[in-house]
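Colleague: I am new to this structure. Could you take me through it, one question at a time?

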Amino acid sequence: MRYLILAMTGLLLAGCNCLPEGEAPEGPIVVTSYDKDTYSTIGAVNYMTTSLTTFGVSCLKPGDGVMLKVKSGEKYRKYAEKALQSSRATLGFKIVNTNGNYVVTAEFKENTPDTIAWHMTLAREAAPQNILWQNNVIIDTFKTN
C-alpha cells in the first residue's frame, strides 16, 4: 500500500510539469478528415466478403464453379481475389478460370489519388446480364483497419 501511494504521488508531481510554457495554440489542435463512407483496403475486402458470403448462402453451393473477371483496374485484382477466396472458405464453391456456373465481375476506378471505387457483381455465367448480387465500396488508401 505504501508503494502504491508513493508511486501515485510521483506520477502526480511528474504530470504537473508536462505542459509547455506560453499560450495555447489558436484553432483546432487535431484536424481530421475522416470519411465514414470509406474503408481501408482490409475493411473493404471484409465488407465485400461479408456481403458476398451472406448472399451466396442462398445460391452458391459446394462444388459450384465461380470465375472472377476484372473489367477495369487490373492492378487491384488482389482485393477481389481475396474477397472471393474468403467467401469460398465459408461456402465451399470452386474458383475456376473457365466453364464456371457463376461469374463474379469486379471493377475498380481511381476517383482520386487516394480513393478507389470498387464495384462487384455476381451473375450466372449463362446469363451474365441478370445480376444476382452487387455491391460497392470506396477504398481510402490512407486508412488503416
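Colleague: How many residues does the largest nonpolar core have, and which have the most contacts inside it?
Modeller: Keep in mind that this is a predicted model. Leu-60, Ala-106, Phe-108, Trp-118, Met-120 and Leu-122 have the most contacts inside the largest nonpolar core. The residue count of that core is 27.

Colleague: Which element gives the most to this core?
Modeller: At least two core residues come from each of α2 (41-56), β1 (65-72), α3 (77-91), β3 (102-110), β4 (115-124) and β5 (127-140). The most, 5 residues, come from α3.

Colleague: In what order do the elements of the protein chain run from the N terminus on?
Modeller: The protein chain has 3 helices and 5 strands. From the N terminus on, their order is α-α-β-α-β-β-β-β.

Colleague: How do the residues of the contact of α2 with α3 divide?
Modeller: From α2 come Thr-41, Val-45, Met-48, Thr-49, Leu-52, Thr-53 and Gly-56. In α3 they meet Tyr-79, Lys-82, Ala-83, Leu-84, Ser-86, Ser-87, Thr-90 and Leu-91. The division is 7 nonpolar, 7 polar and 1 charged.

Colleague: Is Val-66 buried or exposed?
Modeller: Val-66 lies in strand β1. Its relative accessibility is 0%. Buried means under 20%, so Val-66 counts as buried.

Colleague: How many Å apart in space are Val-66 and Leu-84, C-alpha to C-alpha?
Modeller: Leaving aside neighbours within four places in sequence, Val-66 is in contact with several residues, including Leu-60, Leu-84, Phe-93 and Val-104. In sequence, Val-66 and Leu-84 are 18 residues apart. In space, C-alpha to C-alpha, the distance is 8.8 Å.

Colleague: What share of the protein chain counts as buried?
Modeller: The protein chain has 145 residues. The share that counts as buried is 33%.

Terms used
Residues numbered from 1 in each chain as written. Predicted model: local features only at pLDDT ≥ 70, side-chain atom pairs only at ≥ 80, totals over all residues. Heavy atoms only, no water. Core = buried A, V, L, I, M, F, W, Y, C linked by side-chain atoms within 4.5 Å. Buried < 20%, exposed > 50% of the residue type's maximum accessible area, 1.4 Å probe, protein only. Helix = DSSP H or I, 4+ residues; strand = E, 2+ residues; numbered from the N terminus. Contact = heavy atoms within 4.5 Å. Nonpolar A, V, L, I, M, F, W, Y, C, P; charged D, E, K, R; others polar.
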